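This report goes through the packing, ring pairs and strand order of one protein model. The sequence and structure come first.

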Amino acid sequence: MDSVIVTGSGTGLGKETSLYLAQRGFRVYAAVLTGEQAETVAGAARERGLSNVQTPIMDITDPASVRSCVDEVVRDTGGVYGLVNNAGIGLRGFFEDLAESEIRRLFDVNIFGTMAVTRAVLPHMRAARRGRIVIVTSIGGRIGSLGVSTYCATKFAQEGFGECLYQELLPFGVYVSLVEPAIVKTERWGIHRGVAQGAENPDSPYYRWFRREEALADRLANSAPTRPAHVARAIHRALTAARPRLRYMVGRRAKLVYLLRRYLPDRLFETLYFGGVVRYVTRSS
């Protein structure tokens, strides 16, 4: 039974992915931040009759915590077959309203945390000359959006990291895949929304625009057809395909917008898509 580490498994996509993979025969280490999250995931696993889900505590920004989790997996199973880099946080707000500390925390988790866990598993995958690394990015890693500049910056960075890593590890039999979901309605839109403190200041010159952008984002999230299980299915495909693709885009809306970006002339796409959003958010009425 191959072992897979799924980071950020306490909620949302990570939790669903961990259970989905366990149901399909993987020995899953659903890494969570707190004991409370561990109990929640373990309870969900019991409800589905799963005995192959472990819930180690891991903070991807703490090197000792990362080493401890990876060492546990290696002790238990002799190696690490798969890593799903799912853990991440959001930061919503216009750039001028974002504090330097908020931006640094975002990069610390989404970029340096992802790199830290990847670095910890690579020696074991190289030694085995097999393995799969999946990085959960976003359509926001291919097309930027108003009001989430630094979040998109981290996702663009993950895309570049994964694309380079794919080439570096292929000779060792280790495959890297990027899973790019559209908007998915999870806890990210509630308690884990990640709104910058400055974005909630009514004195900000962007305040009215940000509130309108957030209302639009909520409407898109509430009507989103993409579900966590769709993302989990793409991750499973990346872990099991004989020759996994570098990129898996998940969600009809994401695919449509990306196709428009790819095939429309740049100026036309910028006018229709970017310009349309800006006009809607900044309208006077």
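## Aromatic pairs and packing

At 28% relative accessibility, Tyr-273 is classed as partly exposed; buried means under 20% relative accessible area, exposed over 50%, and partly exposed in between, with a 1.4 Å probe and protein chains only. The model is predicted: local features need pLDDT of at least 70, side-chain atom pairs count only at pLDDT 80 or more, and totals for chains, interfaces and linings use all residues. Residues are numbered from 1 along each chain as its sequence is written, and side-chain values use heavy atoms, with hydrogens and water left out.

Rings of Phe, Tyr and Trp (its six-membered ring) pair if their centres lie within 6.5 Å; planes under 30 degrees apart count as stacked, over 60 as edge-to-face and the rest as tilted. The whole structure holds 8 aromatic pairs. Two of them are set out below.

| Pair | Centre to centre | Angle between planes | Class |
|---|---|---|---|
| Phe-94 and Trp-209 | 6.5 Å | 45° | tilted |
| Phe-269 and Tyr-273 | 5.1 Å | 20° | stacked |

Helices (H or I, at least four residues) and strands (E, at least two) are DSSP runs, numbered from the N terminus. Phe-94 is buried at a relative accessible area of 10%, whereas Trp-209 is partly exposed at 27%. Together with Tyr-206 and Phe-210, these two residues form one aromatic cluster.

Phe-269 and Tyr-273 lie 4 residues apart in helix α9 (residues 266-282), so about one helical turn separates them. Phe-269 is buried, with a relative accessible area of 2%.

Charged groups also meet rings. A charge sits over a ring if NZ of Lys or CZ of Arg is within 6 Å of the ring centre and within 35 degrees of the ring normal. The charged end of Arg-24 is over the ring of Tyr-20, 3.5 Å from its centre, and Arg-126 lies over the face of Phe-172, 5.9 Å from the ring centre.

A nonpolar core is a set of buried Ala, Val, Leu, Ile, Met, Phe, Trp, Tyr and Cys residues joined through side-chain atoms within 4.5 Å. The largest has 29 residues, of which Val-4, Leu-21, Val-84, Val-179, Ile-235 and Leu-239 touch the most other members. Elements that each supply at least two of its residues include β1 (3-6), α1 (12-23), β2 (27-30) and α2 (35-47). The largest share, 5 residues, comes from α7. A second, separate core has 27 residues, among them Ala-31, Val-109, Leu-169 and Val-176.

Thr-150 lies in helix α5 (residues 149-169) and is buried at 6% relative accessible area. Beyond neighbours within four places in sequence, Thr-150 is in contact (heavy atoms within 4.5 Å) with Leu-91, Phe-95, Leu-98, Ile-103, Leu-106 and Phe-107.

Two strands pair if DSSP finds at least two bridges between them. β1 and β2 pair in the parallel sense over 4 bridges, with Arg-27 of β2 as the bridge partner of Ser-3. β2 also runs parallel to strand β3 (residues 53-54), joined by 2 bridges, and Val-28 stands opposite Val-53 in β3.
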